[in-house]
Amino acid sequence: MDARITLRVDGGEHALTVDTRTTLLDALSDRLAVTSPKKGCDHGQCGACTVLVDGRRTLGCLALAVAHDGAEVVTAAGLPDRGSGELHPVQAAFLDHDGFQCGYCTPGQVCSAVGMLAEADAGHPSAVTAPEAPPPGRAGLDDEEIRERMSGNLCRCGAYPGIVAAIREVARG
């Protein structure tokens, strides 16, 4: 069965007809030629397909496109400031701290980091946040919190020290 949906992707609005079983990742890559999110495991275990949907990090391979009709989807390619052309602070920090190797997981890592920082700003605790302590907020993210909050994004090249350093830099402003 097909459905007509509209997605706002990286600032552009796109109307398309998709099979109701089409994932958001497949709609982005196959129908809209958006190449930033990558198909890694296709089971939601690696995070290479992470995008921001209405500001929340989402695994594109597990999300059905029809469930996000009308949603604002931002990929790593849509994060730079269109007016100035400057990189998003997370993207710049990834470059500064060599938080990427082959680059395959990098778009998902970047989107996940942006979403994770927003979650910390909103006071969402993680599995390592002490139960008696208030959520740390962005400024209180230590390396353990960053690693836990980013644990759904795998890097096959092992750039984890650079990724953590980049996120720590952005978190501390």
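Guide: What follows is a conversation about the overall fold and then about several individual residues. Please note that this is a predicted model.

Visitor: How many helices and strands does the protein have?

Guide: There are five helices and five strands in the protein. Read from the N terminus, the order of elements is β-β-α-β-β-β-α-α-α-α. The radius of gyration is 16 Å, close to the 16 Å that the globule rule gives for 173 residues, so the protein is as compact as a globular protein of that length.

Visitor: What does the C-alpha trace span along its principal axes?

Guide: The C-alpha trace spans about 50 × 35 × 30 Å along those axes.

Visitor: And what share of the residues is buried?

Guide: Of the 173 residues, 45% are buried. The protein exposes about 8,400 Å², and 52% of that area is supplied by carbon and sulfur atoms.

Visitor: What about contacts between residues at least 24 apart?

Guide: Take the contacts between residues at least 6 apart in sequence: 57% of them join residues at least 24 apart.

Visitor: Switching to charges, how far apart are the mean positions of the positive and negative ones?

Guide: They are 3 Å apart, for 15 positive and 23 negative charges.

Visitor: Let us look at a helix. Which residues of H2 are buried?

Guide: Helix H2 covers residues 89-96, and its buried residues are Val 90, Gln 91, Ala 93 and Phe 94. These residues lie on the same side of H2, because they cover an arc of only 165 degrees around the axis.

Visitor: What covers them?

Guide: The cover for the buried residues of H2 includes helix H3 (106-121) and helix H5 (160-172).

Visitor: Is Ala 166 itself buried or exposed?

Guide: Ala 166 counts as buried, because its relative accessibility is 1%, under the cut-off of 20%.

Visitor: How far is Ala 166 from Val 51?

Guide: Their C-alpha atoms are 19 Å apart in space, while the two residues are 115 residues apart in sequence.

Visitor: Back to H3. Where is Glu 119, and what does it touch?

Guide: Glu 119 is in helix H3. Not counting residues up to four places away in sequence, Glu 119 touches Arg 56, Arg 57 and His 124. With a relative accessibility of 14%, Glu 119 counts as buried.

Visitor: What follows H3? I am curious about where Pro 134 sits.

Guide: Pro 134 is in the loop between H3 and helix H4 (143-149). Pro 134 counts as exposed, because its relative accessibility is 64%. The C-alpha atoms of Pro 134 and Ala 67 are separated by 33 Å, and these two residues are 67 residues apart along the chain.

Visitor: Where are Asp 10 and Asp 42 found?

Guide: Asp 10 is in the loop between strand S1 (2-9) and strand S2 (12-19). Asp 42 is in the loop between helix H1 (24-32) and strand S3 (50-53).

Visitor: How accessible is each of them?

Guide: Asp 10 has 18% relative accessibility and therefore counts as buried. Asp 42, at 34%, counts as partly exposed.

Visitor: Which residues is Gly 11 in contact with?

Guide: Setting aside its neighbours within four places in sequence, Gly 11 is in contact with Glu 72 and Arg 82.

Key
Residues numbered from 1 in each chain as written. Predicted model: local features only at pLDDT ≥ 70, side-chain atom pairs only at ≥ 80, totals over all residues. Heavy atoms only, no water. Helix = DSSP H or I, 4+ residues; strand = E, 2+ residues; numbered from the N terminus. Rg over C-alpha atoms; globule rule 2.2 N^0.38 Å. Buried < 20%, exposed > 50% of the residue type's maximum accessible area, 1.4 Å probe, protein only. Contact = heavy atoms within 4.5 Å. Areas by Shrake-Rupley, 256 points an atom, 1.4 Å probe, with all protein chains shown as cover. Lys, Arg positive; Asp, Glu negative; His and termini not counted. Charge placed at Lys NZ, Arg CZ, Asp CG, Glu CD. Arc of directions from axis to C-beta.
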